[in-house]
Amino acid sequence: MRKFLGYILSPICILAFFLVLIIFQPIQWICYRFFGYAAHKRSVDMLNFCLFSTFYILGDTVKFVNKYELPVGRPMIIIANHQSLGDIPPMIYFFRKYHAKFISKIELAKGIPSISYNLRVGGGANIDRKDPRQSITELVKLASRMKENKWSAMIFPEGTRSKDGKVKTFQSAGIATLLKKCPDALLVPVAITNSWKMVRYGLYPLNTFIPMTWEVLEPVEPEKRPVDELVREIEERIRAKVNPETA
């Protein structure tokens, strides 16, 4: 029944999603060119609120859970598992007051209304996976901006989306590069649950009536511990929340 409803509701959701992207392209440009960073950031916050609001057309829901007092004015590295492209808008919106910047594939910085523009001017890192030197350079620049501006970064250390919701092995290289330049950053795990089910059949039909959750887990202080150990601990915490049957 959910899949059947997806055939009916998916075109409406997809159209609404792309209309949001098209509408916010000129809004972002005007905000950035004429009013600067703060105005542009507010436009991006609203863009992402509108993007994930389109999920409700499908009957899917977005729930954000945070039981911890995260510091404002201190860099954080927000580390999450990755299940679908739908992971990103809620992450940007719910962490908006922490100025969280995404680490993204360089391919996404071209050709996508609103999203590509934000990736180019928003202060994140666009990395070329085929060019390790470029990737490291971009991450170091991002870490410098984090340290200078008290920004945060978001990273999906699995490196690719999990199509069945099973948490993949986390890679530590990107986190290590950020911590080397910004050693005081707080590590904040986020467990994303069920967003893979929205796209279990691909982009058409999108699945319906899926309760999706983004939950902040207990933050981790680096305390000069080995990065591999820190990342392994965070991976285990997220896996225990997302895939308790295999933890």
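Modeller: A salt bridge is a side-chain nitrogen of Lys or Arg within 4 Å of a carboxyl oxygen of Asp or Glu. The model here is predicted.

Colleague: How many salt bridges does a search of the whole structure find?

Modeller: The search returns 8 salt bridges.

Colleague: Take Asp 45. Which residue forms a salt bridge with Asp 45?

Modeller: Its partner is Lys 41, with the closest N and O atoms 2.9 Å apart. That distance is within 4 Å, so the pair meets the cut-off.

Colleague: Where do Asp 45 and Lys 41 lie?

Modeller: Both are in helix α2, which covers residues 37-53. They are 4 residues apart, about one turn of the helix.

Colleague: Is Asp 45 buried or exposed?

Modeller: Buried means under 20% relative accessible area. Asp 45 is at 11% relative accessibility, so Asp 45 counts as buried. Lys 41 is buried because its relative accessible area is 12%.

Colleague: Now the other case. Which residues are linked with Arg 225 in a network of salt bridges?

Modeller: The network links Arg 225 with Glu 229, Glu 233 and Arg 237. Within it, the side chains of Arg 225 and Glu 229 meet at 2.9 Å, N to O. Arg 225 also meets the side chain of Glu 233 in a salt bridge, at 2.6 Å, N to O.

Note on methods
Residues are numbered from 1 along each chain as its sequence is written. This is a predicted model: local features need pLDDT of at least 70, side-chain atom pairs count only at pLDDT 80 or more; totals for chains, interfaces and linings use all residues. Side-chain values use heavy atoms; hydrogens and water are left out. Helices (H or I, at least four residues) and strands (E, at least two) are DSSP runs, numbered from the N terminus. Buried means under 20% relative accessible area, exposed over 50%, partly exposed in between (1.4 Å probe, protein chains only).
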